[in-house]
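Trainee: Could we go through this model together? I'd like to start with its charged pairs.

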Amino acid sequence: VESYFAIKTGQLPVLSQQQITSCDTTNNGCDGGYYTDAWNYVSGSTGLNEEWVYPFTDFFCDPPLSESCTSSCKNISSMFTKQFKWWPKANTSGSGISVTPNDATAMMDALALQGPIALSVGSDPWADYESGILQNNYSNNASWTAINHAVQLVGYGYDFDVNMNYWVVRNSWGTNYGENGFIRLARPDVEPCANGVCGTSGMLCDGAYPGVSELKKKNDFYF
C-alpha cells in the first residue's frame with residue numbers, strides 16, 4: 001500500500017502495521033494472514049492510518065506479540081479532541097488485482113507496468129540465505145512449495161558473473177538479512193513447477209497488487 005501510495009501521490013508515508021494486525025479480524029494478527037484480506041479490510045474500514053497516529057506496540061507487549069495486545073482495535077478518531085480534525089491517510093479498492101498465477105511473463109509485465117507485487121512464497125529454504133541467487137532445491141519439492149510467507153517483488157535482472165536471470169524480492173526480516181534485506185531468486189527460462197505452484201520458492205503462484213487512493217482531509221486543523 002505504501003509503495004502504490006508513493007507512485008500515485010509522490011509521497012511515501014509510513015502506514016500503520018498495528019492497525020492491520022489489531023483490526024483486521026479476517027487475518028490472524030501477528031500470526032500472519034493474507035495480504036488480499038488485509039487490503040479488503042482497509043477498503044471496508046475508514047482507511048489506513050499513518051504510523052504516528054496508530055503506532056506499532058505489539059513488540060512491547062508482555063509477552064511480545066501476545067494476542068491480548070494484537071486483538072485490541074482502537075477507535076483512533078475518539079482519541080483526538082474535537083478541535084483536532086483527524087482523518088486516515090490511505091484507502092484501497094477491495095482485495096486488489098491478481099496477477100495470472102504461475103505465469104512469469106504476466107508477473108514481469110505487472111511489475112513493469114503497475115509497480116511492486118505482493119507475493120506468497122515457500123520460505124523454508126530462505127533461513128540460511130546470505131547473498132547471491134537462490135535456486136530451488138529440486139530434491140525436496142515440499143520445502144519450496146509449502147507457501148508460508150508474504151513478501152514484495154520489486155525487480156528483476158541478469159547477473160553476468162553467474163550467467164543467470166533473477167527476481168529481486170524485498171523480505172520482512174530486517175536489513176541484516178540477505179542482501180540488505182533483499183533476496184534474489186532464480187528466474188530460469190523455464191520456471192520450475194511442483195504441487196500446483198511455479199517459480200523459485202513458488203513465487204509465481206499468487207501475485208497481487210492493491211488499488212490505492214489518498215484520503216484528503218475534510219477540515220483544517222484547529223488548536
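Trainee: How many salt bridges does the structure hold?
Mentor: A quick caveat: this is a predicted model, where local features need pLDDT of at least 70 and side-chain atom pairs count only at pLDDT 80 or more, while totals for chains, interfaces and linings use all residues. Residues are numbered from 1 along each chain as its sequence is written, and side-chain values use heavy atoms, with hydrogens and water left out. A salt bridge here is a side-chain nitrogen of Lys or Arg within 4 Å of a carboxyl oxygen of Asp or Glu. By that rule, the count is two.

Trainee: Which residue meets aspartate 159 in a salt bridge?
Mentor: Aspartate 159 sits in strand S5, and its partner is 25 residues apart from it, in strand S7 (residues 182–186). Strands are DSSP runs (E, at least two residues), numbered from the N terminus, and helices are H or I runs of at least four. At 3.0 Å, N to O, the partner is arginine 184.

Trainee: Is glutamate 179 buried or partly exposed?
Mentor: Glutamate 179 also forms a salt bridge with arginine 184, at 3.1 Å between the closest N and O atoms. Buried means under 20% relative accessible area, exposed over 50%, and partly exposed in between (1.4 Å probe, protein chains only). Arginine 184 is buried at 15%, but glutamate 179, at 25%, is partly exposed.

Trainee: Which residue in S5 stands opposite valine 121?
Mentor: S3 and S5 run antiparallel, joined by five bridges; DSSP must find at least two bridges for strands to pair. Opposite valine 121 stands histidine 149.
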